[in-house]
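Below is a short note on charged pairs, helix sides and backbone angles. Please read the points with the structure open.

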Amino acid sequence: GFRFMKGLFDKYYKKYDSWYDRNKFAYLSEIKALKKVIPAQGRGLEIGVGTGRFASVLGMKNGIDPSLKMINIARKRGIKASLGIGEKVPFQCQVFDYIAIIITLCFVRDPGKVIGEAMRLLKKGGKLIVGIVDKESFLGKYYKRKKSVFYKNARFFSVKEITSLMEKAGFGKFAYCQTLFSLPEKMKRAENPRKGFDRGGFVVISAEK
C-alpha cells in the first residue's frame, strides 16, 4: 500500500502535475469549491500537499508529503513543504488555524489516524477541510472502472464514511459543498460549486474542532 503509493508518485509526479493543466476547468472548479470554505487568514497546512497545486493558490504556506519529487515542485511554488506522512505530522499540537486534506485520504494507510492528527494540530475552533472524489458519485464510479495509474490502488470513500471518521475524531459543525457535475475532460468552463453532496463528483467537507 503506502510504500507503493509513495513510489508511484515519485515515478509519475510529472504526469500527476500535468493532469491539472490538461483538465484546467476541473481544477479551477475544485479551487472555487475549496475557496468557499478555506479561511482567507490564519496559518494553514495541507496534508498530502503533492506538487503544491492547491496550497499555492489557496494561501496555505505549509505542506507535508511523502514524495520528495513532489515536494520539490511544491517548494518551487512557494510552499514550506516537509517530507512526512499524514499519520505522523512533524508539527507541535494546536499550531494551525486550518488544515486541508485534498484527495489524499484515498491514498493513505490509515485515514482515521490522519484525521486524528489534524485534530491534534488544530487550534480550538480551527477548521478541517477535506476534499474527496465521492465514491457514490458518477465520477467515483467512473474512476473505479477506469483504473488509472493513480486510482488503481486508491480506496474511495463516500461522504458519509468521511463524515463519520471526522465525527469520531471529535469534529462538529459540518458543511458540504460539491462541484464537477460532468467528466473533467469534457468540461468547457469552470463550474460554480453548490451546497450539499448529491450530484457532484468532487465534494468538500468542512468541520470545526
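1. Helices (H or I, at least four residues) and strands (E, at least two) are DSSP runs, numbered from the N terminus. The model is predicted: local features need pLDDT of at least 70, side-chain atom pairs count only at pLDDT 80 or more, and totals for chains, interfaces and linings use all residues. Residue numbers start from 1 along each chain as its sequence is written, and side-chain values use heavy atoms, with hydrogens and water left out.

2. Helix α5 spans residues 111-121 and holds both glutamate 117 and arginine 120, three residues apart, about one turn of the helix. An α-helix has 3.6 residues a turn, so residues three or four places apart point the same way. The side chains of glutamate 117 and arginine 120 form a salt bridge at 2.7 Å, N to O (a side-chain nitrogen of Lys or Arg within 4 Å of a carboxyl oxygen of Asp or Glu). Glutamate 117 is buried at 10% relative accessible area, while arginine 120, at 25%, is partly exposed. Here buried means under 20% relative accessible area, exposed over 50%, and partly exposed in between (1.4 Å probe, protein chains only).

3. How many salt bridges does the structure hold? There are seven salt bridges. One of them pairs arginine 53 with aspartate 21 at 3.1 Å, N to O. Arginine 53 sits in the loop between β1 (44-47) and α3 (55-58) and aspartate 21 in helix α1, so this pair ties together parts that are 32 residues apart in sequence. Arginine 53 is buried, with a relative accessible area of 9%.

4. Another salt bridge joins the side chains of lysine 123 and aspartate 97 at 3.2 Å, N to O. Lysine 123 belongs to strand β5 (residues 122-133) and aspartate 97 to strand β4 (residues 96-102), so the contact ties together parts 26 residues apart in sequence. Both partners are partly exposed: lysine 123 at 32% relative accessibility and aspartate 97 at 26%.

5. On the surface, Lys15, Arg22, Lys146 and Lys152 gather in a patch of positive charge. Such patches consist of residues with over 30% relative accessible area and no salt bridge, with like charges joined within 9 Å. The place of a charge is taken as NZ of Lys or CZ of Arg. Lysine 15 is part of helix α1 (residues 2-22) and is partly exposed at 43% relative accessibility.

6. Which residues of helix α6 (residues 138-146) are buried? Leu139, Gly140, Tyr142 and Tyr143 are buried there. They lie on the same side of α6 because they cover an arc of only 160 degrees around the axis, where the arc is that of the directions from the helix axis to the C-beta atoms. Just after α6, lysine 147 has a positive phi of about 50 degrees.

7. Two further residues deserve a look for their backbone angles. Lysine 173, in strand β6 (residues 172-179), has a phi near 55 degrees, a positive value in a residue other than glycine. Lysine 173 is exposed, at 66% relative accessible area. Leucine 180 has a phi near 60 degrees, again positive in a residue other than glycine, and lies in the loop between β6 and β7 (194-195). Is leucine 180 buried or exposed? At 1% relative accessibility, leucine 180 is buried.

Note on methods: Patches are made of residues with over 30% relative accessible area and no salt bridge: like charges are joined within 9 Å, nonpolar side chains (Val, Leu, Ile, Met, Phe, Trp, Tyr) within 5 Å. Accessible areas come from the Shrake-Rupley method with a 1.4 Å probe; for residues, only the protein chains shown count as cover. Lys and Arg count as positive and Asp and Glu as negative; His and the chain ends are not counted.
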